[in-house]
Amino acid sequence: MVEIEKLAFRYGRKQLFSQLDLVIQAGGIYGLLGKNGAGKTTLLKLISGLIFPKEGSCQVMGFNPAERAPEFLQEVCFIPEEFDLPALSIQKYEALYAPFYPHFQKQEFAGYLEEFELTPDLNLSKLSYGQKKKFLISFALATLCRLVLMDEPTNGLDIPSKSKFRQILAGAATSDRSFVISTHQVRDLEQLIDPVLILDEGKILLQHSLYDISKVLNMRQQEERPQDEVLYYEKAMGGYFVLREEQKEQEHELEIDLEILFNAAIGNPQKFGEIFKRGIGHE
Amino acid sequence: MEFKKKQAIYLQIGDLICDKIITREWVQDEKIPSVREMAVQVEVNPNTVMRSYAYLQDQGIIYNKRGIGYFVSEESLGHIRGLKKKKFIQQELPQLFKTMEILQVPFDELAEYYEAFQNNREL
């Protein structure tokens with residue numbers, strides 16, 4: 001769905017990406033993780049054609065996003081973290097913007113709005129940030145675009161809305177669509193994200209499904225501080241969470257904690273790269 | 001649904017389904033929720049639910065009718081008991097033995113508690 005090869009990008013003199021490779025396949029809810037300033041938003045903008053690469057290639061559903069072909073744009077939806085919405089009612093907005101998306105689902109849109117407790121007569125300029133976000137999420141999912149990019153979608157959502165968002169997303173994820181969600185709120189989406197993308201130092205450090213990750217890494221809880229050479233450990237209540245390189249499959253495997261995985265990867269990117277190259281190779 | 005930190009999510013969803021079967025909420029040859037319905041219900045990636053269903057199918061607890069969905073299998077109860085017993089022996093018992101060691105509860109004492117438990121239930 002997305003194929004990025006040897007991509008380079010910089011803002012002025014500040015080199016952000018060099019030799020960045022990334023493949024996104026259909027049927028995933030990709031979680032894009034990275035530190036502040038790692039370039040998550042920039043990557044989403046490159047994929048959606050809002051900015052252009054300096055070097056390398058970026059192909060999205062067979063299109064070059066930079067050309068902004070209508071056939072491409074009608075299949076991509078990007079929800080930025082910062083946005084401006086026109087002073088229109090939701091109804092009016094739908095009437096104006098839905099026609100750009102040939103597969104737009106009116107009924108689903110109405111259903112999502114209802115789930116989020118929004119009504120079509122509300123004026124977008126009078127909504128709170130969280131409500132605007134809920135409107136944008138509803139609209140994006142109703143477009144039925146094959147590729148939906150979301151920058152920090154759970155920011156600003158209240159507690160019940162986060163749960164609704166997870167339900168809606170779980171229901172909208174089909175094998176022919178893909179979602180790329182950049183987030184720091186890993187806990188909000190922990191059970192939805194799969195595969196995981198980690199962006200660090202201008203490159204994609206990890207791009208694998210949780211199943212693949214569980215084949216090479218194992219997380220355990222133990223009481224004593226680990227003495228052997230482990231990949232990463234973290235103090236937790238009553239002991240330590242320990243991440244080890246391990247090939248054998250276990251029946252009682254622990255769920256891989258995304259925050260721990262992220263800390264481990266960022267803490268030792270080189271070793272992480274080696275393990276995955278050795279363990280599963282490139283997809 | 002709140003998940004425990006311990007077990008892989010797909011196994012926890014498997015447990016949830018087993019519980020429904022063992023309490024007879026879902027009976028033999030009954031259709032269980034589709035992967036999508038279950039994913040929405042527990043707010044989990046549909047791929048994870050798919051893995052749960054594949055696991056339960058491997059264990060002989062549910063079966064798949066192509067294009068229709070998943071159903072509770074005939075031998076499900078026996079298989080679930082087998083799985084649960086294995087888990088009890090491998091995971092819960094060692095925990096119990098450890099607590100007994102810490103509190104210095106001799107094994108013979110357990111028999112008394114078990115007897116009391118059974119008598120209590122008969123009342």
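Reader: What makes A:Arg68 count as partly exposed?

Author: This is a predicted model, by the way. A:Arg68 has 13 C-beta neighbours inside 10 Å. Buried would take 20 or more and exposed 12 or fewer, so a value in between is called partly exposed. A:Arg68 sits in the loop between β4 and α2 of chain A, and its phi is near 50°, a positive value in a residue other than glycine.

Reader: Which loop holds A:Met61, and why is A:Met61 called partly exposed?

Author: A:Met61 lies in the loop between β4 (55-60) and α2 (70-73) of chain A. Its count is 16 other C-beta atoms within 10 Å, and that falls between the limits of 12 and 20, so partly exposed is the label. A:Met61 also has a positive phi, about 50°, although it is not a glycine.

Reader: Why point out those phi values?

Author: Because most residues other than glycine have a negative phi.

Reader: What makes the peptide bond from A:Asp194 to A:Pro195 cis?

Author: Its omega is near 0°. Most peptide bonds are trans. As for the setting, A:Pro195 belongs to the loop between α7 (186-189) and β8 (196-200) of chain A.

Reader: What does A:Val196 touch?

Author: Leaving out residues up to four places away in sequence, A:Val196 touches A:Gly31, A:Leu33, A:Leu206, A:His208, A:Leu210, A:Ile213, A:Leu258 and A:Leu261. A:Val196 is also among the residues with the most contacts inside the largest nonpolar core, which has 97 residues. Others on that list include A:Phe179 and A:Ile198.

Reader: Over to chain B. How do you know that the length of helix α4 agrees with what its residue count should give?

Author: Helix α4 of chain B (residues 76-103) has 28 residues, and at 1.5 Å a residue it should span 40 Å. Its end C-alpha atoms are 38 Å apart, which agrees. There is a kink of about 40° in α4(B), though, centred on B:Phe88. Just after the helix, B:Gln104 takes a positive phi of about 55°.

Reader: What makes you say α4(B) is hardly covered?

Author: The count of buried residues among its 28 residues is two. Buried means 20 or more other C-beta atoms within 10 Å.

Methods
Residues numbered from 1 in each chain as written. Chains lettered and ligands numbered in written order. Predicted model: local features only at pLDDT ≥ 70, side-chain atom pairs only at ≥ 80, totals over all residues. Core = buried A, V, L, I, M, F, W, Y, C linked by C-beta atoms within 7 Å. Contact = placed C-beta atoms within 7 Å. Helix = DSSP H or I, 4+ residues; strand = E, 2+ residues; numbered from the N terminus. Expected span 1.5 Å × (residues − 1). Bend = angle between axes of the 7 residues up to and from the residue.
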